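Here is a set of questions and answers on one protein model. Keep the sequence and the 3D view open while reading.

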Amino acid sequence: MKNTNITIIGSNDLQEMKLTALDGKTGVIVEELTNEGRKNKGFMVRLDEPYLSEEIWFIPFQSVKMN
């Protein structure tokens, strides 16, 4: 999944993280964090355009749509 282009979609997890402003943004997966032992599954994503001066964000699994 690394280097896969994605679109961020709304979810309860994204809302709880107060990151709903990222809904609709695009980026590339740089690290997969979905192993069985993780409580919060998701991906480290490098956004195509920085958000709050940061390019890389943790995005919950439910908020990722593969392009």
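Two strands pair if DSSP finds at least two bridges between them. Helices (H or I, at least four residues) and strands (E, at least two) are DSSP runs, numbered from the N terminus. This is a predicted model: local features need pLDDT of at least 70, side-chain atom pairs count only at pLDDT 80 or more, and totals for chains, interfaces and linings use all residues. Residues are numbered from 1 along each chain as its sequence is written, and side-chain values use heavy atoms, with hydrogens and water left out.

Q: Which residue in β3 stands opposite E31?
A: Strand β2 covers residues 26-33 and runs antiparallel to β3. Six bridges join β2 and β3. Opposite E31 stands M44.

Q: What is the order of the five strands in the open sheet?
A: Strands of a sheet pair through backbone hydrogen bonds, either parallel or antiparallel. Here the pairing is antiparallel. β1 pairs with β2 over three bridges, and β1 pairs with β5 over three bridges. The order is β4-β3-β2-β1-β5.

Q: Which strands stand at the edges of the sheet?
A: An edge strand here has a single partner strand, so one side is left without a neighbour in the sheet. Neighbouring strands are turned by 45° against each other on average, direction ignored; axes are lines fitted to C-alpha atoms, for helices over the stretch in contact, and angles run from 0 to 180 degrees between N-to-C directions. The edge strands are β4 and β5.

Q: What is the bridge partner of I6 in β2?
A: I6 has a residue opposite in β5, namely M66. N5 stands opposite V28 in β2. For I6, the bridge partner in β2 is G27.

Q: Which residue in the turn between β3 and β4 has a positive phi?
A: β3 and β4 run antiparallel and are joined by six bridges. V45 stands opposite W57 in β4. The two strands form a hairpin with two residues between them. The turn residue with a positive phi, about 50°, is L52.

Q: Which residues does L22 touch, not counting residues up to four places away in sequence?
A: Contact means heavy atoms within 4.5 Å. L22 is among the core residues with the most contacts. Its partners are I8, L47, Y51, W57 and I59.

Q: Why does the pair of F43 and F61 tie together parts that are 18 residues apart in sequence?
A: Rings of Phe, Tyr and Trp (its six-membered ring) pair if their centres lie within 6.5 Å; planes under 30 degrees apart count as stacked, over 60 as edge-to-face and the rest as tilted. F43 and F61 are stacked, at 5.9 Å centre to centre and 25° between the planes. F43 lies in strand β3 (residues 42-51), so its pairing links that strand to F61, in the loop between β4 (54-60) and β5 (64-66).

Q: Is F61 buried or partly exposed?
A: Buried means under 20% relative accessible area, exposed over 50%, partly exposed in between (1.4 Å probe, protein chains only). F43 has 1% and is buried. F61 has 45% relative accessibility, so F61 counts as partly exposed.

Q: What is the angle between the planes of Y51 and W57?
A: W57 is buried, with a relative accessible area of 17%. Y51 and W57 form a tilted pair, 5.5 Å centre to centre. The angle between their planes is 55°.

Q: Which residue's side chain is joined to that of S11 by a polar contact?
A: A polar contact is a pair of N or O atoms within 3.5 Å; within protein, one must be able to donate a hydrogen and the other to accept it, and residues adjacent in sequence count only if both atoms are side-chain atoms. S11 sits in the loop between β1 (5-8) and α1 (12-16). S11 touches Q62 and S63, not counting residues up to four places away in sequence. The polar contact of 2.5 Å is with S63.

How values were computed:
A nonpolar core is a set of buried Ala, Val, Leu, Ile, Met, Phe, Trp, Tyr and Cys residues joined through side-chain atoms within 4.5 Å.
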